[in-house]
Structures are given as structure tokens and as C-alpha cells.
Amino acid sequence: MKSLIAIFSYMKQDEIDIEKEILKGTDTVVEFFNSEEEIEKRFKEISVLILANPEIKRDTINRLSNCKAIIRRGVGADNIDIKSATENKIIVCNVPDYCSSEVSDLALGLILSLVKRIPNYISDVKNGIWHIDSPKVLPLSRGLQNMTLGLAGFGGISRALAKKTKSLFRNIISSDPYVSSDIAKEYGVELVSMDKLFKLSDVISLHMPNTKETYHFVNDELLSSMKESAYLVNTARGQLIDEIALYKALKNRKIAGAALDVTEIEPPEVDNQLLELDNLFITPHIGFYSLDSFKELRIKAAEEARRIIMSEKPLHQINHF
């Protein structure tokens with residue numbers, strides 16, 4: 001009986017030719033699953049689970065009795081109960097080295113949208129308003145050359161953004177306890193404390209993983225330390241921000257505006273107060289996506305599955321036993 005490589009995603013995928021080609025000759029069958037009801041019937045057959053956005057908890061992992069690995073088709077693995085997988089001796093991998101260009105592109109786009117008030121002007125023109133000062137919800141537009149960009153976290157995406165914005169901003173600062181000042185200097189970036197970053201920056205862009213240490217680290221205290229003219233951008237993880245604190249800061253104009261590609265609950269519930277704000281832009285977690293990056297992601301996840309099926313060492317195992 002051939003081993004089942006199961007691809008599980010809520011996102012529609014019309015074909016699995018890429019995965020089948022990479023796994024050719026491995027005595028496996030590749031199938032795509034779009035719902036929990038479909039995949040539950042096949043749990044015992046799964047040898048490798050390639051997982052996109054669905055959440056895999058302890059009770060599900062305990063039923064994957066023949067599974068060798070769960071491969072997160074993405075960077076963050078917070079939708080997988082890694083502890084349970086480790087207890088069951090199931091390898092957990094991710095794909096950390098893709099979409100840096102796409103996410104940094106979006107972060108820059110959101111920064112420009114906020115500072116130049118682009119969505120507000122577009123909306124006004126469609127409503128028959130043609131005036132430079134018409135969008136009253138955001139401060140007057142400023143030149144980036146007079147502003148400081150703060151990067152919270154300085155990993156691959158943040159470094160890509162630093163490269164793209166080096167000639168745009170007056171200066172760029174970052175805070176990351178795991179990065180040396182020598183590496184930061186290579187990108188023309190000065191390392192500072194997180195408190196200092198929030199106090200000095202005109203625009204703050206978040207680029208950190210969701211961990212116990214970073215959960216809701218953007219809270220009332222940090223938000224109140226920001227300039228009233230400053231903007232906050234998050235293309236990382238929604239859990240980094242205390243959304244109640246952010247709502248109060250935006251509602252009371254304690255900060256100028258914010259743009260989010262991620263929220264704590266996705267999609268946000270219809271009664272989420274953030275949706276009422278006129279100085280907040282939200283996009284539906286699109287930062288990772290382009291035709292190029294999605295193809296790259298599929299290839300790298302399938303290649304990791306092949307290595308595991310062939311009893312080779314995976315490149316990006318994130319648990320150990």
C-alpha cells in the first residue's frame with residue numbers, strides 16, 4: 001500500500017501537479033483535502049501531512065497513528081500543537097525561507113498608504129471630493145526623508161524591508177535581541193531597545209514571531225509611548241498586538257494610524273471594534289502571497305516531504321526528540 005501524502009488547506013488549490021512531480025518515484029500517493037470531514041476519514045493512512053492554514057490540535061495529532069511528519073506550508077507553526085507532535089514522535093517542519101520579498105513589499109505598501117493617505121484620497125474622489133486636505137482622519141502627509149522607520153525584529157523580512165527603504169527614510173532603527181549590531185550595520189540600521197524604538201519612530205513595522213514572550217507585547221504602555229503622529233504596521237502575527245489597547249489608541253488619536261495584514265482572529269469577527277475605525281486599514285493576510293511565492297512554497301514543502309519519505313534529514317525541523 002502506498003504512503004499517503006495529504007495536503008490540507010482551506011485555500012482552494014485546483015491542481016497538485018507540482019507535488020506529484022516532486023514525489024514521483026517515492027511509492028506515495030498525493031491527495032488534496034479541503035475540509036476536516038474529508039481528511040478525518042483518512043487519518044490512519046497519512047504518512048506526511050502538508051498543512052496550510054487549518055489548526056491541528058492534540059486530539060487530531062493523537063489520531064495520526066502512522067504519520068512521520070507534519071510540514072507547515074508557511075513560516076509560523078503556531079497552528080500546530082508541537083508538544084503533542086513531539087510526544088508522538090512526529091517531525092514538525094516549516095518553510096522559513098520564502099516570501100520575504102512579498103511581505104516586505106506589502107509592509108512598504110501599507111507604510112506609504114498610511115503616510116500618504118492613499119486609501120482615504122481614493123475613497124474621497126469616488127465620493128466626489130477633490131481636495132488635498134479632505135481626509136481629516138489622518139495627519140497631513142509628510143515626507144519619508146524626514147521620518148524614522150522602526151523595525152521591531154530584524155529577521156529576513158525586516159532586512160528585506162530595510163534594503164528597500166534605506167534611501168527613503170532619514171534613518172532606520174531596529175530592536176532584536178538575537179541580532180548583533182555588526183549585522184544591523186551591514187543594512188545601515190542602528191540597534192536600540194524596544195522602548196526606545198517605540199518612542200523615537202515615526203513608523204513602526206512589526207516583524208516578530210508569535211511566542212509566549214511576544215504575545216500582546218504591543219500593549220497600552222508601548223502604544224502610549226509612541227508619538228501622536230506615528231503609525232503602526234503589522235504584517236507578522238496578529239497576536240503581537242493587544243487589539244483592545246490598539247483600538248483605544250486609535251480611537252482617542254493617541255497614535256495617527258495603523259495598518260494590519262494580520263489580526264488575532266482571522267477573519268476578524270463582524271463586531272470587532274477595529275473595523276469601525278477610520279484611521280485603520282486591514283488587509284486579509286495577503287502578505288505572503290504572489291504567484292511566484294506560492295509556487296516556491298509548494299515546491300519547498302513537497303521537497304521536505306520527499307526527504308522525510310526517503311529517510312533523509314529534513315532541512316527545517318523545528319522540534320526534536
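This is a predicted model: local features need pLDDT of at least 70, side-chain atom pairs count only at pLDDT 80 or more; totals for chains, interfaces and linings use all residues.
Residues are numbered from 1 along each chain as its sequence is written, and side-chain values use heavy atoms, with hydrogens and water left out.

The description begins with the sheet. Helices (H or I, at least four residues) and strands (E, at least two) are DSSP runs numbered from the N terminus, and two strands pair if DSSP finds at least two bridges between them. Strand 3 (residues 46-51) and strand 4 (residues 69-72) run parallel and are joined by 4 bridges. Within strand 4, A69 is the bridge partner of V48.

A salt bridge is a side-chain nitrogen of Lys or Arg within 4 Å of a carboxyl oxygen of Asp or Glu, and the whole structure contains 16 salt bridges. In one of them, R73 is joined to E19, with the closest N and O atoms 3.7 Å apart. This pair links distant parts of the chain, 54 residues apart: R73 lies in the loop between strand 4 and helix 4 (82-87), and E19 in helix 1 (residues 17-22). Buried means under 20% relative accessible area, exposed over 50%, and partly exposed in between (1.4 Å probe, protein chains only). R73 counts as buried because its relative accessibility is 6%, and E19 is likewise buried, at 1%.

The side chains of R42 and E31 also meet in a salt bridge, at 2.9 Å from N to O. R42 lies in the loop between helix 2 (36-40) and strand 3, and E31 in strand 2, so the pair ties together parts 11 residues apart in sequence. E31 is partly exposed, with a relative accessible area of 24%. Another salt bridge joins R58 to E87, whose closest N and O atoms are 2.9 Å apart. Because R58 lies in helix 3 (residues 58-63) and E87 in helix 4, this pair ties together parts 29 residues apart in sequence. R58 is partly exposed at 34%, as is E87 at 45%. Salt bridges with shared partners join E15, E19, R73 and R298 into one network.

Aromatic rings complete the account. Rings of Phe, Tyr and Trp (its six-membered ring) pair if their centres lie within 6.5 Å; planes under 30 degrees apart count as stacked, over 60 as edge-to-face and the rest as tilted. The structure holds 5 aromatic pairs. One of them, F8 with Y10, is edge-to-face because the planes stand at 80 degrees, with the ring centres 5.8 Å apart. F8 is buried at 3% relative accessibility, whereas Y10 is partly exposed at 42%.
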